[in-house]
Every structure is written in structure tokens, then in C-alpha cells.
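The following note sets out several points for a colleague examining this model. Please read them alongside the sequence and coordinates.

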Amino acid sequence: MRRRPAASVPPLVPAALMFAALLLAGCGSPAGPPATSGAATAPGATSGAPAPGTTQPGTQGTQGAASPGAASETETESTPGTAPGTTTPATSPPSGAAPSSSAWKTFTTSDGTLSFDYPAAWVIRDPAGEAPLGGEFVDVVNAAGKQMAALRTNVVTGAECGDQQPYMLIDSEPMQALAEPGAADQNVPRYVFEGRGDVTAAKASPPTYASYGITMMPEVTEPVSCPMFQLFLWPPSGALFGQTYDPANNTTPGDPGLPYLEKAKLYATTAEYQDVRRMITSLRPAAKDATSGAATEPAK
């Protein structure tokens, strides 16, 4: 097994993503990415990670207030996900999907390496260098105070595969901007919203769960798949940007009595999901002239 030196997964990573780190047990040696595994654990972390919406103690929003080490943040009307000098494939939201928000801002991590766009009504919580295990530790919260996604860097990666489970792909899009330079033998990172487990289950419970995020695993062509692995390579080790789908946290239409994975498919048609999707697929290397270390006022 190949490992890159890095801190392990922070303990507040949302549940399905922690599952990826804890449970990924082997797809053998998939063509493309180097061995990536879920051997990443944090002291005291378990597969029952805190539910989405929890944040690291001491986190605070960086919007509209400058503070030492705070990340950069500006309003943008440009197409999310397009870094200078790069192009990205056109997005293809699920059929019948509601439109996304019209007003967006751009956030740049405190280390100046990554940027993403997010709805102007949402809030960034970034302790700016205070993560206990190093790396970026950013949460994105909607106007109702519910966490929509978590960005973590300096995450250990490795590769194995355990028991395969029924697989469901809800949405997918390649993210060429995150491909490592000179790594032509690796899979291009992809945004995915995917599920595993029993399609009749009423609620999420191992091994039944759904999650949206970024993966480097090959596209699944069989009805079953290895446990979920939503991590991608990012120096010096790996990173994640996504979250477990939770009907109590993610606004979902339809009959509350529907099976959990059916609710996940319905969530993909909502305006909230389109905002989440647009935000995560906009993640890219920060422009070389991007300002970090201070929060900037939105463009007028």
C-alpha cells in the first residue's frame, strides 16, 4: 500500500465521507489513481461521525470582516469552476432540476491554493489555520444554518476494497481543473452524487447511505461497487469537498415515508442541490494573483 505523509481525516468530517476513509476496502488496484484507502482515521474518530451541520469548535464566519489569516472572499458573476486559462465541461444537472441561485461569491482558502464559488446567502466558516491536524478545515452553511458541504485538505489517502454493495449513481461530472499536472495515468477527479446499499431501506444505516463530493475512482459500470470513496489527490496528500446526504439536513420534497435512497434521487431535483452541485464543481486551483489572508468586500 502506498501512503503519502499527511494528517489523518479530521474528526468532524461528515458521516459518509468518514465512511469512505474508514471503510474503503478494496477495489484492488483500480486503473488510474494510485492506491487510495480509507486507512485515514483521526484519534477518537469512528464511523459514527457527527451529523452534517456540526462544525469545529471555535469556527467563525469570514464574511465581511478582515482578520489575520482569514481567507479571501469576493462576489462573482462569472461562470463558477473556470480558472484563468482553463476550460471545464458544460454541466448537466439532473432532468427537471430547479435553477440555482443567481448571486454568488468566490472563496479562496487561507493557504491561497484553492477557490470555489458559493451562493451569496450562504456562510463560510473557516478557522484559518486552527485545524488541529493541519490543512484547510472549511464548512459551508446555508441561510438556515445547515451545513451544505465540508472542505478538508491534508487528508491521508490509500487503497483497498471490502464488501461490494448495490450501487446507484445519481449525478456525475468530470472536474479537469483538479487533475494533477503530469499525472496522465490517473483518473480525472469527478463530482459524484452516489448511493450504496438497500434501495428499500427507510433511513441511512451502514451500508446504506448517499453522499455528494469528489472522487478519483473509475466510473462504476456494474450494479455493485466498493464502499464509497470521495477523496481526491491534492498536495501534499489528499482532500475532500462534499457531504453525506441527510433528509433532515438537506431540504427534500416528496413523501417523507419514501425509502432513503429514493429521497436522495428527489433531492437532486431541488434548487438547494443545484447550488451544492454548482459550488462543489467550481472547486479549482486558486488564481496565482488571488489574495489570501484577508476577507474582501463584495464587488459593488
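1. Strand β12, spanning residues 237-244, is mostly covered in this predicted model. Eight of its eight residues count as buried, the cut-off being under 20% relative accessible area.

2. Strand β12 pairs with β6, which covers residues 147-155. The two strands run antiparallel and are joined by five bridges. Within this pairing, Ala150 lies opposite Gly242 of β12.

3. A further antiparallel pairing links β12 to strand β9, residues 209-215, by way of two bridges. Here Tyr212 has Gln243 of β12 as its bridge partner.

4. Strand β11, residues 232-234, is also an antiparallel partner of β12, with three bridges between them. Phe232 faces Ala239 across this pairing, the latter residue belonging to β12.

5. Which residues of helix α3 are buried? The helix comprises residues 271-281 and is mostly covered, with nine of its eleven residues buried. The buried set consists of Glu272, Tyr273, Gln274, Asp275, Val276, Arg277, Met279, Ile280 and Thr281.

6. An α-helix has 3.6 residues a turn, so residues three or four places apart point the same way.

Note on methods:
Residues are numbered from 1 along each chain as its sequence is written. This is a predicted model: local features need pLDDT of at least 70, side-chain atom pairs count only at pLDDT 80 or more; totals for chains, interfaces and linings use all residues. Side-chain values use heavy atoms; hydrogens and water are left out. Buried means under 20% relative accessible area, exposed over 50%, partly exposed in between (1.4 Å probe, protein chains only). Helices (H or I, at least four residues) and strands (E, at least two) are DSSP runs, numbered from the N terminus. Two strands pair if DSSP finds at least two bridges between them.
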